[in-house]
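Welcome! Take a look at the structure below, and then work through the exercises with their solutions.

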Amino acid sequence: MFGGISKQVVSMWFPRLASDRILRARPVDGPFVLTLKANNTERVYCLNQAAERSGLIRDMSFADARAFCPDLMSQPARPDLDMRFLATLRRWATRYCPWVGYEGTDGLVLDVTGVAHLWGGEAAMLADMRTRADRSGLGVRLGLGETRGAAWARAHFGDEHSTLTDLPVAALRLEDRMVTALQRLGLRRIGDLTAAARAPLARRFGPELMLRLDQATGNASEPTAPEKDPPHYATRMSLPDPIGLTEDVMGIAARLLTPLCDKLKAQEMGARSLCLTLRRVDQGCQKVELRLAAPLRDPTRILPLFKRGVAEVDAGFGIDQIRVEATQVEPLPEQQTGSRQNSPDQLNDLITRIGTRIGLENIQRFLPADSHIPERAFSIASAAYSRPESGWSALRSRPISLFPPEPISASGSQPPVQFRWRRMRLTTGRAVGPERIAPEWWLPDDNWRSGVRDYWKVDTREGRRLWLFYTPQTPGWFVQGEFT
């Protein structure tokens with residue numbers, strides 16, 4: 001009891017949440033299921049009402065479902081997108097009360113104590129929930145009770161007017177094994193449990209049965225903890241008079257970046273991508289997106305990076321609202337800074353400036369790889385999403401330029417005295433080698449099917465310094481690299 005007001009909890013259950021999420025955007029006529037692979041078997045994960053009327057049930061194999069219903073339409077399930085959609089529904093449910101939490105993967109629980117009168121009473125509030133869900137193409141079942149367990153029981157096994165003692169024992173959120181054992185003893189309803197002796201039941205089924213019963217009847221507390229909304233990193237300013245000059249827009253952006261970066265600093269986060277939205281007086285919007293090479297929350301470094309994009313904006317008849325949002329953030333804990341010369345900030349800012357012109361993914365760096373095969377001894381990664389590595393080591397020098405092997409005309413296992421390469425006649429001046437490299441047999445590579453290679457470093461009299469190799473299994477000479 002809270003000041004004479006009894007506690008009221010609403011349980012919202014979306015029995016077909018996954019399928020409703022798909023069908024509300026792309027409706028279909030006929031049976032429809034979502035499938036999910038479990039134990040190397042495709043099984044029915046969720047289905048619509050037409051599929052239920054055809055005799056299909058959850059967790060049955062998809063092959064059996066197709067046999068029962070040849071015209072069945074299907075689509076792979078996405079549980080991650082379902083949880084994201086449920087998070088959206090949780091934010092929507094806060095219109096009724098601030099205390100909204102998750103109930104499994106397909107339901108919500110609302111503590112509506114003291115707020116029902118704002119909607120004209122409990123019946124009117126539940127009717128509004130049901131109407132809005134139906135309008136959005138979502139099937140929902142509602143339960144109302146003085147406890148969380150009672151609300152859940154009515155939502156899953158009855159309605160808001162059901163008597164708790166008349167509901168089956170499965171409404172107590174028990175395991176299937178325990179429900180089956182209780183039914184074999186003749187305890188089929190919650191009323192049968194409340195009338196039975198507690199001590200024998202506790203000895204046979206353990207404390208969980210009594211705890212669930214007490215939670216449903218109100219003899220044991222079960223809090224309704226609301227989910228905390230993730231921080232939203234955005235600032236906005238509406239202008240009394242439209243503006244259109246680049247300097248004016250940059251000045252407003254500077255004022256908006258300061259509180260945004262302060263919020264990022266308080267959460268020890270850094271912006272990885274930002275969006276500057278400029279709303280014109282004709283209700284059109286111009287967006288300037290900025291992708292950073294590293295997490296950043298310094299407004300003095302972020303602001304100049306917007307200037308090129310702002311200069312290309314068409315202001316039209318003027319801009320009356322500016323909004324800055326950090327669309328992607330990453331953890332950025334506080335660090336002790338040293339000398340400015342040793343700081344990587346200048347390199348990151350340079351990568352960001354070049355990336356705004358050609359794209360961050362087009363700025364790449366080489367990273368060492370654990371392989372003795374020349375073309376596999378390095379990997380290429382985006383410079384904005386990787387860190388430089390210092391683990392480069394080579395027992396022997398490697399050419400600065402590598403290319404696919406190019407055959408040359410030569411015979412014997414020693415480097416040729418003269419040979420032609422790329423329409424040039426070259427004469428060997430000095431040859432160092434051989435260095436034998438064996439293929440990595442555990443990795444399929446058609447370029448190394450010929451077996452081992454004997455590499456030579458050849459200095460020609462014409463000034464070319466080439467990397468040649470000889471294949472003993474299938475005799476032949478090739479050029480694969482060039483030294484500086």
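**Exercise 1.** Does threonine 147 count as buried or exposed, and why?

*Solution.* Keep in mind that this is a predicted model. Start with the cut-off: buried means under 20% relative accessible area. Threonine 147 has 13% relative accessibility, so it counts as buried.

**Exercise 2.** Where is threonine 147 found, and which residues is it in contact with, leaving aside its neighbours within four places in sequence?

*Solution.* Begin with the position: threonine 147 is in the loop between strand E7 (141-145) and helix H6 (148-157). Next, leave aside the neighbours within four places in sequence; threonine 147 is then in contact with Val9, Gln215, Ala216, Thr217 and Gly218. Finally, look at the side chain of threonine 147: one of its polar atoms lies 3.1 Å from the backbone nitrogen of alanine 150.

**Exercise 3.** How many of the ten residues of H6 are buried, and what covers them?

*Solution.* Nine of the ten residues of H6 are buried, so the helix is largely enclosed by the rest of the structure. Among these buried residues are Arg148, Trp152 and His156. The cover of the buried residues includes strand E1 (9-13), strand E5 (100-102), strand E6 (107-111), E7 and helix H10 (207-217).

**Exercise 4.** How many aromatic pairs does the structure hold? Which parts does the pair of phenylalanine 403 and tryptophan 421 tie together?

*Solution.* The structure holds eight aromatic pairs. Phenylalanine 403 and tryptophan 421 form one that is stacked, with 6.2 Å centre to centre and 20 degrees between the planes. Now place the two residues: phenylalanine 403 lies in strand E14 (residues 401-408) and tryptophan 421 in strand E15 (residues 418-421), so the pair ties together parts that are 18 residues apart in sequence. Both phenylalanine 403 and tryptophan 421 are buried.

**Exercise 5.** Why is the pair of phenylalanine 469 and phenylalanine 478 stacked?

*Solution.* Planes under 30 degrees apart count as stacked. The ring centres of phenylalanine 469 and phenylalanine 478 are 5.1 Å apart and their planes are at 15 degrees, so the pair is stacked. Then check accessibility: phenylalanine 469 counts as buried at 2%, whereas phenylalanine 478 counts as partly exposed at 23%. Tyr455, Trp467, Phe469 and Phe478 form one aromatic cluster.

**Exercise 6.** Which ring does the charged end of lysine 457 sit over?

*Solution.* The charged end of lysine 457 sits over the ring of phenylalanine 483, 4.8 Å from its centre. In another case, the charged end of lysine 263 sits over the ring of tyrosine 233, 5.8 Å from the ring centre.

How values were computed. Residues numbered from 1 in each chain as written. Predicted model: local features only at pLDDT ≥ 70, side-chain atom pairs only at ≥ 80, totals over all residues. Heavy atoms only, no water. Phe/Tyr/Trp six-rings, centres within 6.5 Å; stacked < 30°, edge-to-face > 60°. Buried < 20%, exposed > 50% of the residue type's maximum accessible area, 1.4 Å probe, protein only. Lys NZ or Arg CZ within 6 Å of the ring centre and 35° of its normal. Polar contact = N/O pair within 3.5 Å; in protein donor to acceptor, adjacent residues only side chain to side chain. Contact = heavy atoms within 4.5 Å.
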